[in-house]
Amino acid sequence: MNHLHVDNTFSDALRAELVNQVQSTAPVQRRRQTLLWSAAGVVVGAGLLGGLAVAMGGVLLPGGQPIAQESAAPSSYQVTDTLEALGGRTVDYDPLNSPQELAAVSQVVVEATVVGLREGRTITGLDSTVLVLLPDDVVKGELAAGNDGNVYLELYWAGSSDPSYYEKALPSGAKVVAYMVPAADGAPEEGIDTVVDDPKAGRPEGQALFLPNGPQGLVMQVEGHDVVWPLLGAQAPGNIADTLPGGSLIAK
């Protein structure tokens, strides 16, 4: 089991919600591993700031369409922009040993480009941010009929509820490989004391919402820089293509 450091602010309601999401989507043999991630790793600080997304650099206005986006990540980007913005978490999880193993327990795998960020849902008063991806290839699974061409990936972090906070950390134009499971739809579940105030937020009406399948499930690279796993705070030299199923590059 691996351990990473995070602040100690946790939400029992959020933990319960994310555990429920994993139980309803992950294969039985995967559940113990992902439950650890859901319970300890995907957290949001109780004192997050509210705020609207600003209209700049590929960030989306709340409830709106993508605005003008940069075709490539800014030249000033450094891997530390990602690691510093998303650092400071504890994740107890049983790491998988290869991208192929991670793909086997994920419902959808995409190779994509970051095109923006938008405000996400609020679960029992705690906010999320949604990473908007334009798929270059759906490597495993399929997107639902009626998909608008984007993938909406829900992320819970301590730091800020304002998507513009992550603009440098997750820049438009960056390449991403995402191993995903569906996010819960916010409907009440027996034994889960969780309230989703805005279950349809984070994406346009009728669009699916996903979660990374554990901290290894989100990989990013800006051209000319190391591959980075934002949810692990890890980086490695190489090519993001090697993190696709069949490749050998994975952080633990």
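Because the model is predicted, local features need pLDDT of at least 70 and side-chain atom pairs count only at pLDDT 80 or more, while totals for chains, interfaces and linings use all residues. Residues are numbered from 1 along each chain as its sequence is written, and side-chain values use heavy atoms, with hydrogens and water left out.

**Overall fold**

The protein chain has four helices and eight strands, where helices (H or I, at least four residues) and strands (E, at least two) are DSSP runs numbered from the N terminus. Read from the N terminus on, the order of elements is α-α-α-α-β-β-β-β-β-β-β-β. Of the 252 residues in the protein chain, 53% are buried; buried means under 20% relative accessible area, exposed over 50%, and partly exposed in between (1.4 Å probe, protein chains only). Contact here means heavy atoms within 4.5 Å, and among contacts between residues at least 6 apart in sequence, 74% join residues at least 24 apart.

**Nonpolar cores**

In soluble globular proteins, nonpolar side chains tend to be buried together. A nonpolar core is a set of buried Ala, Val, Leu, Ile, Met, Phe, Trp, Tyr and Cys residues joined through side-chain atoms within 4.5 Å. The largest such core has 29 residues, and Leu131, Leu153 and Met180 are among those with the most contacts inside it. Elements that give two or more residues to this core include helix H3 (79-86), strand S2 (126-140) and strand S4 (175-182), but the largest share, five residues, comes from S1. A second, separate core of 18 residues includes Val109, Trp229, Leu232 and Ala251.

**Selected residues**

Thr122 lies in strand S1 (residues 108-123), and its side chain makes a polar contact with the side chain of Asp127 at 2.8 Å. A polar contact is a pair of N or O atoms within 3.5 Å; within protein, one must be able to donate a hydrogen and the other to accept it, and residues adjacent in sequence count only if both atoms are side-chain atoms.

Rings of Phe, Tyr and Trp (its six-membered ring) pair if their centres lie within 6.5 Å, with planes under 30 degrees apart counted as stacked, over 60 as edge-to-face and the rest as tilted. By this rule there is one aromatic pair: Tyr165 and Tyr166 are edge-to-face, 4.8 Å centre to centre with 85° between the planes.

| Residue | Relative accessibility | Class |
|---|---|---|
| Thr122 | 14% | buried |
| Tyr165 | 41% | partly exposed |
| Tyr166 | 0% | buried |
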